[in-house]
Amino acid sequence: MFKIKNTTLRFVVVMLAMCATMSAVTVSDAWADGDHEGQKRTVSNAKWKDECGACHFAFPPRFLPAESWRAIMSGLDKHFGSNATMDEATAKEITGFLEKNASTKKQEVQAKPLLRITETRWFKSEHRKVAERDWKNPKVKSPANCGACHTQADSGDFDEDNVKIPK
Amino acid sequence: MRRINFVIGLMVAAAGLIANPAFAETPVEVLATIKAEASGTPGFMGFSADRGEKFFKTKQKHNLSCSSCHTDNPTAQGKHSETDKIIKPLAPAANEERFTDLKKVAKWFKRNCNDVLDRECTPQEKGDVLSYLLTVKK
């Protein structure tokens with residue numbers, strides 16, 4: 001290794017490194033609505049991870065459109081049979097994070113926004129090859145239990161190469 | 001001069017970070033807060049770990065008890081009854097983060113009591129449960 005003594009040079013190197021990181025982020029964003037749904041993407045927010053990851057895996061925002069997230073966030077007192085209410089400031093921050101990173105894919109026309117990822121046409125189509133008995137396996141328990149099959153779900157990676165259906 | 005002010009500002013901020021304890025409260029302080037709340041209710045005679053244990057393990061509404069998610073052994077890892085999500089141990093002896101943040105404690109008592117009892121827990125019930133959780137050893 002050689003040491004960079006000149007401060008100007010060091011500055012340039014740091015700037016270059018920053019540019020490289022930023023463009024890497026842009027590239028992975030570009031996949032969001034393409035064919036690479038499973039591509040690893042790591043958007044995160046501490047409050048979201050804490051609040052929305054307490055009772056279940058924190059479902060990544062890219063799997064539902066903004067209007068679905070808004071509907072979920074305004075009905076937390078009756079959240080799939082649980083009470084998931086939180087203080088207003090936290091709820092506001094999380095709603096902003098979800099909206100900002102939501103799916104922008106064209107949605108099928110819907111009278112009411114869907115509240116479940118697992119009920120979207122997209123989800124059903126990606127999973128059409130999963131057998132009925134695999135959904136019913138007690139180790140899976142619910143289609144919403146993404147991590148039962150997507151072994152790297154916690155890091156935002158849903159790539160088909162990392163899928164392992166429990167037997 | 002501005003530069004010096006900035007440096008001093010940074011040092012003060014850093015000192016503040018260091019001085020801040022890792023946890024806002026201790027479980028004993030949380031228990032004292034619940035006790036202050038319970039003392040205001042008529043006929044309050046103190047908390048009981050035995051009563052807390054029974055409450056924790058007894059199925060109530062919807063065939064649920066606290067143990068449905070936290071298991072019969074509060075030093076063990078739990079599992080959410082509906083989603084299978086792993087829940088870290090609830091007893092402070094096994095998890096030092098537990099009962100160190102009054103706001104978090106209040107939030108989860110509210111949610112979980114509503115799930116299990118269809119109502120909030122009384123200060124008596126909360127104090128009994130915490131007394132029980134403080135007696136279990138690893």
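A quick word on pockets: on a 1 Å grid over the protein atoms alone, a pocket is an open set of points where a 1.4 Å probe fits, with protein on both sides within 12 Å along at least five of seven lines, and lining residues have an atom within 4 Å of a point. Grid points are joined across faces, edges and corners, and a volume is the space filled by probe spheres set on the points. This is a predicted model, where local features need pLDDT of at least 70, side-chain atom pairs count only at pLDDT 80 or more, and totals for chains, interfaces and linings use all residues. Residues are numbered from 1 along each chain as its sequence is written, chains are lettered from A in the order in which they are written, and side-chain values use heavy atoms, with hydrogens and water left out.

The second largest pocket comes to about 990 Å³. It has 44 lining residues, and those closest to its centre are Cys55(A), His56(A), Phe57(A), Phe59(A) and Thr83(B). In chain A, helix H2 (46–52) and helix H3 (66–73) each put at least two residues into this lining (helices are DSSP runs of H or I, at least four residues, numbered from the N terminus).

Glu93(A) pairs with Lys47(A) at 3.1 Å, N to O. Since Glu93(A) sits in helix H4 (residues 88–100) and Lys47(A) in helix H2, the pair ties together parts of chain A that are 46 residues apart in sequence.

Now for the meeting of the chains. Contact here means heavy atoms within 4.5 Å, and 17 residues of chain A touch twelve of chain B that way. Three salt bridges run between chain A and chain B; one joins Lys107(B) to Glu51(A), with the closest N and O atoms 2.5 Å apart.

Definitions and conventions: Salt bridge = Lys/Arg side-chain N within 4 Å of Asp/Glu carboxyl O.
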